[in-house]
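Here is a short note for a colleague new to this model. Please look at the helix packing first.

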Amino acid sequence: MRVLIRGVAVIPKPEVGVIPKADVVIEGRRYAAVVVGEEVSGPFDKIVEGEGKLLIPGLVNAHTHLAMTLFRGLAQDRPLMDWLEKEVWPREKKLTGEIVRWFSLLGLVEMIRCGTTAFADMYFFMEEVGEAVEKAGVRALLSYGIIAPTPERIEPELKKAESFVREWDGEAEGRIRAAFSPHAPYTCGPEVWKRTVSLAKELRVPIHTHLSETKEEVERFRAKEGRSPVEWLEELGVFGVHTLAAHGVHLSEKDIEILAAHNVHVAHCPTSNLKLACGIAPVVEMLRTGVNVCLGTDGAGSAGDLNMVEEMRLAALLAKVKTGDPQALPAAEALGLATWRGAAALGWGKELGTIEPGRRADGVIIRLDRAHLLPNYDLLANLVYAAQGSEVETVFVDGHFLLLEGEMQTLDEEEILGRCRELAKKFK
Ligand SMILES: [Zn+2]
């Protein structure tokens, strides 16, 4: 399959900025050429007209719980633990594979429609999520969330996590990779972490976890263990494995140095952190110290939606207010968090994240003919500060179209919405 995207504005990578008009050629699963100022010769199996549109690398949502779309809008505006204990956990006991499958598909429709091509997901019934991802055609790092509050839970939880990794890592022609996910340092003891590290090393897969999300969690941890969660994980040898840690809101200077020294990837989740009043992660300090920071939405139950365009904008705004510097995290850097940095965090750093010959052809085409995107002085600034996500018109992964000129190609959107409307009635 040879595809031409003709006469499109392109941001191949943030530091290059905007190429106002180019012909982009995809051959099979990879980008073959970005041609400026000359005719590209055919034949092509498909030509997508790019006039008046902007092509960017696919957005990477580095932390979510897809099937939690089930809990969107449920008992909102509550403290995190109160909401989890009284509303979410009792309902999660009623989850079935079927429910996780349909609400994962719902999350996938939402994510594809606003330009996400890859994501990291941690939840339960992950086989169902894997099948949904396979069908949708997106790319994902998937993991079973291990929660082992008592010793007798350790074996069955590790077993579930391990069999998922063995079965799913490398599936869907390599679009699915698997990870281990001890939920957090405060929900999994040292035994779980040590065992996970040796399994992750043996099976050569990453660890995806939650880290230092709330102030109370970190204070309680310090009081009990005499050190920060980051110091504790380092001592256990966890960071010897490729680690993706969500949140990183409450970090000391020493924590940040440890994360940088071990190449830990931190998924900043602005909406979730704001909505739960967790605080503002020290993104600028982390980047300055050498930590790879990327972006995630977290689950739609706690964050409201799964819109990476919004997360980019919020990340840029929060970095400015946190540092008191309007020059902090400029638009190009915000786009970097949502693209190549996310790709690196998911373990696809050499393959994805930019539009260059040889890279995997994951991309998003955005319509520019909207009132809120005019004038076109700086398309990159408009993308970060004015776009809403709804302008996304075409999305492809591995050169395969998932959304084409506004139409879903791989998923039956109407059926998914209908089934989810019905299934949600049991959960109110
Ligand atoms: Zn989370």
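1. Start with one contact. In helix 4, I154, L158, E162 and V165 meet E191, V192, R195, L199 and L203 of helix 5. Contact here means C-beta atoms, placed from the backbone, within 7 Å. By class, this contact has 6 nonpolar, no polar and 3 charged residues. Ala, Val, Leu, Ile, Met, Phe, Trp, Tyr, Cys and Pro count as nonpolar, Asp, Glu, Lys and Arg as charged, and the others, Gly among them, as polar.

2. A word on the source. This is a predicted model: local features need pLDDT of at least 70, side-chain atom pairs count only at pLDDT 80 or more, and totals for chains, interfaces and linings use all residues. Residues are numbered from 1 along each chain as its sequence is written.

3. Now the geometry. Axes are lines fitted to C-alpha atoms, for helices over the stretch in contact, and angles run from 0 to 180 degrees between N-to-C directions.

4. Turn to the second pair. Helix 12 (residues 308-323) packs with helix 13 (residues 331-338) at about 135°, with axes 9 Å apart. The two are therefore oblique to each other. M308, E311, M312, A315 and A316 of helix 12 make the contact with A331, A334, L335, L337 and A338 of helix 13. These residues divide into 9 nonpolar, no polar and 1 charged.

Technical notes: Contact = placed C-beta atoms within 7 Å. Helix = DSSP H or I, 4+ residues; strand = E, 2+ residues; numbered from the N terminus. Parallel < 35°, antiparallel > 145°, perpendicular 65-115°, else oblique.
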